[in-house]
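Please open the model in the viewer and follow the stops below in order. Each stop names a selection and then describes what is found there.

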Amino acid sequence: MSSETDQEELMGLLARVAQQDRAAFQALYRQMAGRMFGVCQKLAAQPELAEEALQDAFVRIWHHAGEYHRERGTPLNWMLTIARYRTLDLIRARKVRRTAGDDQLENVADDSLSPLEASMQADGAAALQGCLEELSDTQRDSILLSYYRGLTHEELSVTLSTPIGTVKSWIRRGLQALKRCLER
């Protein structure tokens, strides 16, 4: 699904979804759910969390389809980014709940914006998203898992079944590429 024709079709569907066209949303879901679930599953490694992230991502797409702009990247990457950030948000939220203790759960509240919402509102959000899309999947996932999920290099090495030196190189090179891209 990377051909220009497919991207144009996705843009058309997003434009119709922005106008609350349910049939277009169903078509978009049928076309993208499998791929987005794969991203969620890869990051979460838990089917139920991946399913929740996928559902949340599609709810966000339904509500924010009108905010997609070509300069933010392809429609495919825009939707995969939403799925990726939503998954990372849920992972982080579950990590907080797990460590807070049952008696403190009522007091746990995070009214802050999600990383996706905050980045979309901040200056340079389009540039950051574009720069993240320029990274390889391994660099982007390593950086996001490290910074949003809080995994150490050792944990990333185990999670990704990759030598620790390779993981460190992916993160280092990815951060250098992000810095160069954002300085342009």
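**Aromatic pairs**

The count of aromatic pairs comes to 4, where rings of Phe, Tyr and Trp (its six-membered ring) pair if their centres lie within 6.5 Å, and planes under 30 degrees apart count as stacked, over 60 as edge-to-face and the rest as tilted. The model is a predicted one, in which local features need pLDDT of at least 70, side-chain atom pairs count only at pLDDT 80 or more, and totals for chains, interfaces and linings use all residues. Residues are numbered from 1 along each chain as its sequence is written, and side-chain values use heavy atoms, with hydrogens and water left out.

Select Phe-25 and Phe-58 first. Their ring centres are 5.9 Å apart and their planes stand at 85°, so the pair is edge-to-face. This pair links distant parts of the chain, with Phe-25 in helix H2 (residues 22–44) and Phe-58 in helix H3 (residues 47–64), 33 residues apart. Helices here are DSSP runs (H or I, at least four residues), numbered from the N terminus.

Is Phe-58 buried or exposed? Phe-58 has a relative accessible area of 3% and is buried; buried means under 20% relative accessible area, exposed over 50%, and partly exposed in between (1.4 Å probe, protein chains only).

Tyr-29 belongs to helix H2 and Phe-58 to helix H3, 29 residues apart. Tyr-29 is partly exposed, at 39% relative accessibility.

**Two loop residues**

Most residues other than glycine have a negative phi. Select Gln-20, in the loop between helix H1 (4–18) and H2. Gln-20 has a positive phi of about 65° although it is not a glycine, and it is partly exposed at 43% relative accessibility.

Move to Ala-45, in the loop between H2 and H3. Its phi is also positive, near 60°, and Ala-45 is exposed, with a relative accessible area of 55%.

**Helices H7 and H9**

Finally, select helix H7 (residues 137–148) and helix H9 (residues 164–183), whose axes come within 8 Å and cross at roughly 100°. Axes are lines fitted to C-alpha atoms over the stretch in contact, and angles run from 0 to 180 degrees between N-to-C directions. H7 and H9 are therefore roughly perpendicular (65 to 115 degrees). Show the side chains in contact (heavy atoms within 4.5 Å), including Ser-142 and Ile-143 of H7 and Trp-170 and Leu-178 of H9.

Technical notes
Parallel < 35°, antiparallel > 145°, perpendicular 65-115°, else oblique.
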